[in-house]
Amino acid sequence: MNVPSAPILVPSVQQLGARPISDLMDLLANIGNRLNFKKENKMTTKGKVLVLVSSGHGLPLKDGKVYTGAGYYLNELTVPVRALMKEGYEITFANPKGNTPQMDVHSAVADFFGGDEAKLQDYLKFRDTLTGLKNPTRISDVIASGLDQYDAVFVPGGHGPMMDLLDDPDAGTVLRHFHKTSKPTAVLCHGGISLLAALPNSTEVVAALSAGDAAGARAKAQGWIYSGYKMTVFSTAEEQQREPLEIGGNVLFYPDFALRTAGGDVSVVAPWQSYVLQDREVISGQNPFSDQALLNLLLPALNRKKESVSAA
């Protein structure tokens, strides 16, 4: 399990005696939070879910610019992961390099938690308990240890997947496995771009998209395992709103256009509305506000898959 419980270290009286009272209050509050999260996450193991995150720390943009703040969105990762853990699922975080993934600083705002600042802080504290997120496994090592042990794969958004997961060969191996075994494959917001990795020549397709060669990308994407799937992803309209405000430039290509070019049956709704789709094993959500709706499809899909395996 990649989210082991860290020990709760209670300071001695001697250690406490030399500290200001404000420090002691903070320390005791932190211990209380750690104990609460341990209690919350102490559940009977129901199964395992693999969560793919980015290793990147810079999103290439047009005109040679780079968005250095790119990473995962806090709510897109923590809301589903916390719910899955409460259901009893073990979480394994994995990325291409095994390095600590970066959180997009623009995601640590109350807007994505119903405008509730206390809820934001609670999820930040929860994120800090995820030792497996700080020290993710390499995707190649996950593959070597066997993918059959996992019940689902989940790719949260933020611009992280646009940096490396979209054409990572190991991510492609993972996705093809879950497709072949018909196990839930959940992608949220920009996480949907990772589906391109399932292409045998994903690097060539991504290069064509980056160069603005839509016809070339379409030709190279023949035979995509998700061709014809109904899916959604962060929309061009949403991206264009965020480009000047958040990333300070223009992305090399828009995710909805890319998936459509590859053969996906892509639909989106008005910006910032919750929207999810399920087609066969793939469950996709359009934007950060689709986190709970994605869960509402993923959890039943996990249960149905388990029931079908038990009945076999």
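User: Quick one before I dig in: what is pLDDT?
Analyst: It's the predictor's confidence in each residue, running from 0 to 100. You need it here since this is a predicted model.

User: OK, what's the mean pLDDT of the chain?
Analyst: The mean is 90, and 85% of the residues reach 70 or more. Watch residues 1–17, though: pLDDT stays under 50 there, and the model has 29 contacts beyond four places in sequence for that stretch.

User: How many helices and strands are in the chain?
Analyst: 13 helices and 11 strands. Of the 312 residues, 51% are buried.

User: Switching to threonine 78. Is it buried or exposed?
Analyst: Buried, because its relative accessibility is 0% and the cut-off is under 20%. Threonine 78 is found in helix 3, residues 74–86.

User: Which residues does threonine 78 touch, leaving out those up to four places away in sequence?
Analyst: Phe113, Tyr123, Phe126 and Arg127.

User: How are the rings of tyrosine 123 and phenylalanine 126 arranged?
Analyst: First, the count of aromatic pairs in the model is eight. In this one the ring centres are 6.5 Å apart and the planes are at 75°, so the pair is edge-to-face. Tyrosine 123 and phenylalanine 126 are three residues apart in helix 4, so about one helical turn separates them. Both tyrosine 123 and phenylalanine 126 are buried.

User: And what sits over the ring of tyrosine 123?
Analyst: The charged end of arginine 82, 4.6 Å from the ring centre. Likewise, the charged end of arginine 280 sits over the ring of tyrosine 229, at 3.8 Å from its centre.

User: Which residues do ring pairs link into a cluster?
Analyst: Tyr73, Phe112, Phe234, Trp272 and Phe289.

How values were computed:
Residues are numbered from 1 along each chain as its sequence is written. This is a predicted model: local features need pLDDT of at least 70, side-chain atom pairs count only at pLDDT 80 or more; totals for chains, interfaces and linings use all residues. Side-chain values use heavy atoms; hydrogens and water are left out. Helices (H or I, at least four residues) and strands (E, at least two) are DSSP runs, numbered from the N terminus. Buried means under 20% relative accessible area, exposed over 50%, partly exposed in between (1.4 Å probe, protein chains only). Contact means heavy atoms within 4.5 Å. Rings of Phe, Tyr and Trp (its six-membered ring) pair if their centres lie within 6.5 Å; planes under 30 degrees apart count as stacked, over 60 as edge-to-face and the rest as tilted. A charge sits over a ring if NZ of Lys or CZ of Arg is within 6 Å of the ring centre and within 35 degrees of the ring normal.
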